[in-house]
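Here is a short briefing to read alongside the sequence and the model. Points are grouped by topic.

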Amino acid sequence: RKTGTSLIGLMIMASMEGNRIYSKEEYVSEIGVVFENSPWIARRAYENAARAGQLKEMMRSVGGMHEAMCAEVWCSADEEQIGLLCAHPQLKATVVPATGLTESSAVEQKQAGLRQSTQEQADALQDLNDRYLAKFGWPLVIAVWGLTVDDILRIGRERLANGSRDLERKQGLRNVCQIARLRLDRKFAPSSSNL
């Protein structure tokens, strides 16, 4: 495992220096969007940091904000965690843009090549989505940034083979937190073309 801070990480940290302390409403609306349709995560992270007198520390870095929000994900009730997983759209391999996606999800799915997939890949992904949803009760959530359609299919099949609903819920939440970190990094990068 690499140690140290990447160039992009240093650039992100530099862009956050002197960053203002967000109001709760700003934090929820501007930062909380990194968790798909789940503003409660940012709201709780903000409230808990405020109660502890740690707002400035939490907002000092992308890592601080991410850590605080992911802590809220992991300590939330099972029903809330499942609701968070259900807030994510199904991965769709199609030439036509999928409807109902947030801007971030649309960018991520396009980057993974889901809009340039073959009909065979689209059919395989739809079948995988249907079987996964039937087995676990929530959509398959994969942090697709940097993956190909074939990678997504392989990972999805491996996840479908998971026999434990609890372990798969945790795997889905790890992917949700990874997606949120990637979105935070892109939000605070000096230029999105650097990513």
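**Briefing**

In this predicted model, the side chains of Gln90 and Lys92 make a polar contact of 3.4 Å. Gln90 sits in the loop between helix 6 (78-86) and helix 7 (103-111). The protein has 10 helices and zero strands. A search of the whole structure finds 11 salt bridges and one cavity of 30 Å³ or more.

**Overall build**

- Along the sequence, the pattern reads α-α-α-α-α-α-α-α-α-α.
- The protein has 195 residues, and 43% of them count as buried.
- Consider the contacts with a separation of 6 or more: 72% of them come from residues 24 or more positions apart.

**Gln90 and its surroundings**

- Gln90 counts as buried because its relative accessibility is 19%, and the cut-off for buried is under 20%.
- Leaving aside residues up to four places away in sequence, Gln90 touches Gln109, Gln126, Asn129, Leu133 and Pro139.

**The cavity**

- Rolling a probe the size of a water molecule over the atoms shows where empty space is left.
- The largest cavity holds about 130 Å³ of space.
- It is lined by 16 residues, and the closest to its centre are Leu91, Ser105, Glu108, Ile142 and Ile179.
- What is the make-up of the lining of the largest cavity in nonpolar, polar and charged residues? The lining has 10 nonpolar, three polar and three charged residues.
- Helix 7 and helix 10 (165-188) each supply at least two residues of this lining.

- Side chains of opposite charge can pair when their charged atoms come close.
- Asp78 and Arg169 meet through their side chains in a salt bridge, at 3.7 Å from N to O.
- Asp78 belongs to helix 6 and Arg169 to helix 10, so the pair ties together parts that are 91 residues apart in sequence.
- Is Arg169 buried or exposed? Arg169 counts as buried, because its relative accessibility is 9%.
- Asp78 is partly exposed, at a relative accessible area of 43%.
- A network of salt bridges links Asp78, Asp166, Arg169 and Lys170.

**Salt bridges within a helix**

- In helix 10, Asp185 forms a salt bridge with Arg181. The closest N and O atoms of Asp185 and Arg181 are 2.9 Å apart.
- Asp185 and Arg181 are four residues apart, about one turn of the helix.
- Asp185 counts as buried, because its relative accessibility is 18%. Arg181 is partly exposed, with a relative accessible area of 31%.
- In helix 9 (residues 149-160), Asp151 forms a salt bridge with Arg154. Their closest N and O atoms are 3.9 Å apart.
- Asp151 and Arg154 are three residues apart, about one turn of the helix.
- Asp151 counts as partly exposed, because its relative accessibility is 22%, and buried would need a value under 20%.
- Arg154 is also partly exposed, with a relative accessible area of 42%.

**Gln119**

- Where is Gln119? Gln119 lies in helix 8 (residues 119-136).
- The side chains of Gln119 and Asp123 are joined by a polar contact of 2.8 Å.
- Gln119 and Ala93 are 26 residues apart in sequence. In space, their C-alpha atoms are 8.2 Å apart.
- Gln119 is exposed because its relative accessible area is 57%, and the cut-off for exposed is over 50%.

**Asn37**

- Asn37 is found in the loop between helix 2 (24-31) and helix 3 (39-51).
- The phi of Asn37 is near 50 degrees, a positive value in a residue other than glycine.
- Asn37 counts as exposed, because its relative accessibility is 57%.

How values were computed
Residues numbered from 1 in each chain as written. Predicted model: local features only at pLDDT ≥ 70, side-chain atom pairs only at ≥ 80, totals over all residues. Heavy atoms only, no water. Buried < 20%, exposed > 50% of the residue type's maximum accessible area, 1.4 Å probe, protein only. Polar contact = N/O pair within 3.5 Å; in protein donor to acceptor, adjacent residues only side chain to side chain. Contact = heavy atoms within 4.5 Å. 1 Å grid on protein atoms, 1.4 Å probe; cavity = no way out; pocket = protein on both sides within 12 Å on 5 of 7 lines; lining within 4 Å. Points joined across faces, edges and corners; volume = space filled by probe spheres on them. Nonpolar A, V, L, I, M, F, W, Y, C, P; charged D, E, K, R; others polar. Salt bridge = Lys/Arg side-chain N within 4 Å of Asp/Glu carboxyl O.
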